[in-house]
Amino acid sequence: MRKERYTFEDLVKIMETLRSPEGCPWDRKQTHESLLPYLIEEAYEVVDAVRKGDDAELKEELGDLLLQVVFHSQIAKERGAFTVEDVVDSIARKLIYRHPHVFSGKEGIETAEDVNREWEKLKEKEGKRRESLMDGVPESMPALERAYKLQKRAAKVGFDWSDFRGIKEKMVEELQEIEQELHTGNRDKLREEVGDLLFMAVNLARFLGIHPEVALREANDKFERRFRYMEEAARKEGKELKELSLEQMERLWEQAKRELK
């Protein structure tokens, strides 16, 4: 099956072939559940490509992510549940329905805030009215992102901090509670208090208008660059990092901070 340029329909056909008795043993044995790690991994790789600003990599990673959609849809088709065409039809209908200001000429929707309010009204009409503001935040979502989403939901009704000082005082309080638990030896309680501190750190970022996931990713990247610098600097001195004292490593760390501005 060699073509100069393949289409979406070709991709669907290829997946059908891979899942057929004459196809690939690995593809045939996959299930919705077994594919979940790949789905999550591909989504994160798209994020990395976007952050790098690499269009060639983004194109490839979006293809990998699209493959996951087609893969799940093929498995569902074999179960008699739905097809990839049903998936496309469903999202197309949802987009048209939820954008009446674009497709139906509805007036009075001019800002992003107007759109969000309209979406909530439309969801109610669809019978998707939330019993709680906390509804619809997936438990399987990464903990950092989920904390951010839950806090944003609560802030919609005014359950939020009034100023930076209050958050700062609460973080100090959480640190003090961690210190207290260090003396009790209660690991479960210590874990709880560390969780409270992390939750407050997310609150701080959100309150300041900074997405915690973005901030932490940048901090991770910065730490990795500096640590790699330390490793290379140590090798130039004929040593490995593990052979250095903590004081020597701190010297290299400060050097990395100066050099990697």
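## Contact of α3 with α11

Tyr44, Val47, Asp48 and Arg51 of α3 are in contact with Arg217, Glu218 and Asp221 of α11, where contact means heavy atoms within 4.5 Å. By class, the residues of this contact comprise two nonpolar, no polar and five charged. Here Ala, Val, Leu, Ile, Met, Phe, Trp, Tyr, Cys and Pro count as nonpolar, Asp, Glu, Lys and Arg as charged, and the others, Gly among them, as polar. Helices are DSSP runs of H or I with at least four residues, numbered from the N terminus.

The axes of α3 and α11 come within 13 Å and cross at roughly 75 degrees, which makes α3 roughly perpendicular to α11. Axes are lines fitted to C-alpha atoms, for helices over the stretch in contact, with angles from 0 to 180 degrees between N-to-C directions. Angles under 35 degrees count as roughly parallel, over 145 as roughly antiparallel, 65 to 115 as roughly perpendicular and the rest as oblique.

## Basis of the model

The model is predicted: local features need pLDDT of at least 70, side-chain atom pairs count only at pLDDT 80 or more, and totals for chains, interfaces and linings use all residues. Residues are numbered from 1 along each chain as its sequence is written, and side-chain values use heavy atoms, with hydrogens and water left out.

## The second largest pocket

The second largest pocket has 13 lining residues, and Ile40, Tyr44, Met141, Pro142 and Glu145 lie nearest its centre. Two or more lining residues come from each of α3 (32-52) and α11 (212-236); α3 gives the largest share, five residues. The lining is made up of seven nonpolar, two polar and four charged residues. A pocket is an open set of points on a 1 Å grid over the protein atoms alone, where a 1.4 Å probe fits, with protein on both sides within 12 Å along at least five of seven lines; lining residues have an atom within 4 Å of a point.

## Contact of α8 with α10

Helix α8 (residues 143-155) and helix α10 (residues 187-207) have axes that come within 9 Å and cross at roughly 60 degrees; the two are therefore oblique to each other. From α8, Leu144, Ala147, Tyr148, Gln151, Lys152 and Ala155 meet Phe199, Val202, Asn203 and Arg206 of α10. This contact contains six nonpolar, two polar and two charged residues.

## Val115

Val115 is placed in helix α7 (residues 112-125). Apart from neighbours within four places in sequence, Val115 is in contact with His101 and Ile109.
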